[in-house]
Amino acid sequence: MTTAETATTEPTRYAKRPGELLKAYLGLLKPRVIELLLVTTIPAMLLAERGIPSPWLVLSTLIGGTMAAGSANALNCVADADIDQVMQRTRARPLVRHSVSNRHALIFGIALGLGSFGFLWATTNLLAAVLAVATILFYVLIYTLVLKRRTAQNIVWGGAAGCMPVVIGWAGVTGRVDWPALVMFGIIFFWTPPHTWALAVKYKADYERAGVPMLPVVAEPSYVSRQIVAYSWLMVLWTLLLAPATGWLYTVFAVASGAWFLWLAHRLHSATKRGEPTKPMRLFHMSNTYLMIVCVALAVDSALGLPILGWPWM
């Protein structure tokens, strides 16, 4: 019996109490993922303003961005219900537990997506609204339905969806997309593979059982750790491209935290090459800390309006 067949023969036990139902729908949103997206949106808005934007604009962008991210995550849960059922890490998700029906989750996801477009258009601008919908479509149609199950490069290119909140935040403030927004996009783009592959190393058996060709499933451990190091270098060097649009505070923290993260990545690779036991989840958790440090430094630097370093040849 296939995974899909097993899912359809499970007895339904949809949540009936208001509290249970609320918890189930919140689970579809994947709140922890959304938290990370919002953390990157605020610094982008502060940098775009080079100060503190209207609190209402920030709040509106965060609400609309949360709706868009929640829509993408809910639709992802629907598309990946068969995978989630066989992975130990995802067996507690609402559709696996049959707390919500697939049909209701699909309607919920679509409604959130449409709501995010209307809300962002009404409270920010049309560009931010269009970018939000484009992100939802890319995440669901390109990453979830095509890349995730077909290529080990799934998270590299599919991770572009997670980079879009900074662009949406920038567009919400300025009504356009300028080069610093694209640099911030690149920082998160190069951050995503080391972050995700470290997690995939830990849950390699899960992905293998689900038939998802994450890099640690299809490649030797030393190759995976080498790729983590390579993308970590790209990420750290890319953060420095933002220096001309920021002040000394951001630059100092970008360099210091980048050196620290590179040390962690190289240490993981060295232990892997020697065949020693490794702790990939340490790098996974530290990658969150690293991104937080960079984002907070950028936010404070921008909010204080420190003198911009500018390009060295100008």
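**Reading buried sites, a kinked helix and the overall fold**

Modeller: His 98 is buried in this predicted model, its relative accessible area being 9%, where buried means under 20%, exposed over 50% and partly exposed in between, with a 1.4 Å probe and protein chains only as cover. The model is predicted, so local features need pLDDT of at least 70 and side-chain atom pairs count only at pLDDT 80 or more, while totals for chains, interfaces and linings use all residues. Residues are numbered from 1 along each chain as its sequence is written, and side-chain values use heavy atoms, with hydrogens and water left out.

Colleague: How should I read helix H7, and where is its kink centred?

Modeller: A bend at a residue is the angle between axes fitted to the seven residues ending there and the seven starting there. In H7 (residues 126-147) there is a kink of about 30°, centred on Phe 138.

Colleague: Which residues of H7 are buried, and what covers them?

Modeller: An α-helix has 3.6 residues a turn, so residues three or four places apart point the same way. The buried residues of H7 include Ala 128, Leu 131, Ala 132, Thr 135, Ile 136, Tyr 139, Val 140 and Tyr 143. Their cover includes helix H4 (55-79), helix H6 (102-123), helix H8 (154-158) and helix H9 (160-174).

Colleague: What does Ser 60 touch, beyond residues up to four places away in sequence?

Modeller: Contact means heavy atoms within 4.5 Å. Ser 60, found in helix H4, touches Phe 119, Leu 120, Thr 123 and Thr 124, and it counts as buried at 0% relative accessibility.

Colleague: Where does Val 212 lie, and with which residues is it in contact when neighbours within four places are left aside?

Modeller: Val 212 lies in the loop between helix H11 (204-210) and helix H12 (215-218), where it counts as buried because its relative accessibility is 1%. With those neighbours left aside, Val 212 is in contact with Ile 83, Lys 148, Asn 154, Tyr 207 and Val 217. Its C-alpha atom is separated by 10 Å from that of Met 87, 125 residues apart along the chain.

Colleague: How many disulfides does a search of the whole structure find?

Modeller: A disulfide is a pair of cysteine sulfur atoms within 2.5 Å, and the search finds zero. Cys 163 is in none, the nearest cysteine sulfur, that of Cys 295, being 12 Å away; Cys 163 is buried, with a relative accessible area of 0%.

Colleague: What is the radius of gyration of the protein?

Modeller: The radius is taken over C-alpha atoms, and the globule rule is 2.2 Å times the number of residues to the power 0.38. For 314 residues a compact globule would have a radius near 20 Å, and the protein, at 20 Å, agrees. Its secondary structure comes to 15 helices and zero strands, and 51% of the 314 residues count as buried.

Note on methods. Helix = DSSP H or I, 4+ residues; strand = E, 2+ residues; numbered from the N terminus.
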